[in-house]
Amino acid sequence: MPDALRINRLNIKMYAIVEINGQQFRVEEGKKLYVNHMNDAEEGATVEFDKVLLIDNEGAVTVGAPTVEGAKVVVEVVNPLVKGEKVIVFKMKRRKGYRKKRGHRQQFTEVKVKSVIA
């Protein structure tokens with residue numbers, strides 16, 4: 001086994017797979033995430049998510065059916081509204097004079113994981 005993999009295995013932290021607003025994220029304590037925009041979130045507020053699908057506690061894996069009982073993830077809202085990169089949608093039919101240009105910017109909420117409770 002290469003040394004890099006051996007060192008990485010020794011530093012295994014507790015992590016969880018959690019569902020937030022219809023998307024699944026791998027979360028660890030102290031990690032920042034950009035999740036789909038939460039309308040009722042205020043800056044500095046703490047939010048709890050209890051749809052924890054999997055927990056790995058230093059190698060001991062617990063898989064939920066469909067969720068892990070009693071597990072939750074506590075996050076703090078850092079920035080309630082972050083706009084993503086602009087996506088340009090351009091439609092054109094050649095020789096017909098048909099051109100449509102639309103833009104879209106996805107809205108996110110930036111959160112920081114405070115704790116993973118198993």
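This is a predicted model: local features need pLDDT of at least 70, side-chain atom pairs count only at pLDDT 80 or more; totals for chains, interfaces and linings use all residues.

Reader: Got it. How many helices and strands does the protein have?

Author: There is one helix, together with eight strands. Reading from the N terminus, the order is α-β-β-β-β-β-β-β-β.

Reader: And what share of the residues is buried?

Author: The protein has 118 residues, and 25% of them count as buried.

Reader: Let's talk charges. How many salt bridges are there?

Author: The count is four. One of them joins Lys 32 to Glu 110, with 3.8 Å between the closest N and O atoms.

Reader: Which parts of the chain does that pair tie together?

Author: Lys 32 belongs to strand β3 (residues 32-36) and Glu 110 to strand β8 (residues 98-117), so the pair links parts that are 78 residues apart in sequence.

Reader: Is Glu 110 buried or exposed?

Author: Glu 110 has a relative accessible area of 10%. The cut-off for buried is under 20%, so Glu 110 is buried.

Reader: Nice. What does Lys 72 pair with?

Author: Lys 72 meets Glu 48 in a salt bridge, at 3.4 Å from N to O. Glu 48 sits in strand β4 (residues 46-49) and Lys 72 in strand β7 (residues 72-93), so this bridge ties together parts 24 residues apart in sequence. As for accessibility, Lys 72 is partly exposed at 28%.

Reader: And what about Arg 26, which residue does it bridge to?

Author: Arg 26 forms a salt bridge with Glu 28, and their closest N and O atoms are 3.4 Å apart. Arg 26 is partly exposed, with a relative accessibility of 41%.

Reader: Switching to contacts: how much comes from residues 24 or more positions apart?

Author: Among contacts with a separation of 6 or more, such residues account for 63%.

Reader: Last topic, the surface. Which residues form a nonpolar patch there?

Author: That patch is made of Ile 88, Phe 90 and Met 92, with about 310 Å² of accessible area together. Ile 88 is in strand β7 and counts as partly exposed at 48% relative accessibility.

Methods:
Residues are numbered from 1 along each chain as its sequence is written. Side-chain values use heavy atoms; hydrogens and water are left out. A salt bridge is a side-chain nitrogen of Lys or Arg within 4 Å of a carboxyl oxygen of Asp or Glu. Buried means under 20% relative accessible area, exposed over 50%, partly exposed in between (1.4 Å probe, protein chains only). Helices (H or I, at least four residues) and strands (E, at least two) are DSSP runs, numbered from the N terminus. Contact means heavy atoms within 4.5 Å. Patches are made of residues with over 30% relative accessible area and no salt bridge: like charges are joined within 9 Å, nonpolar side chains (Val, Leu, Ile, Met, Phe, Trp, Tyr) within 5 Å. Accessible areas come from the Shrake-Rupley method with a 1.4 Å probe; for residues, only the protein chains shown count as cover.
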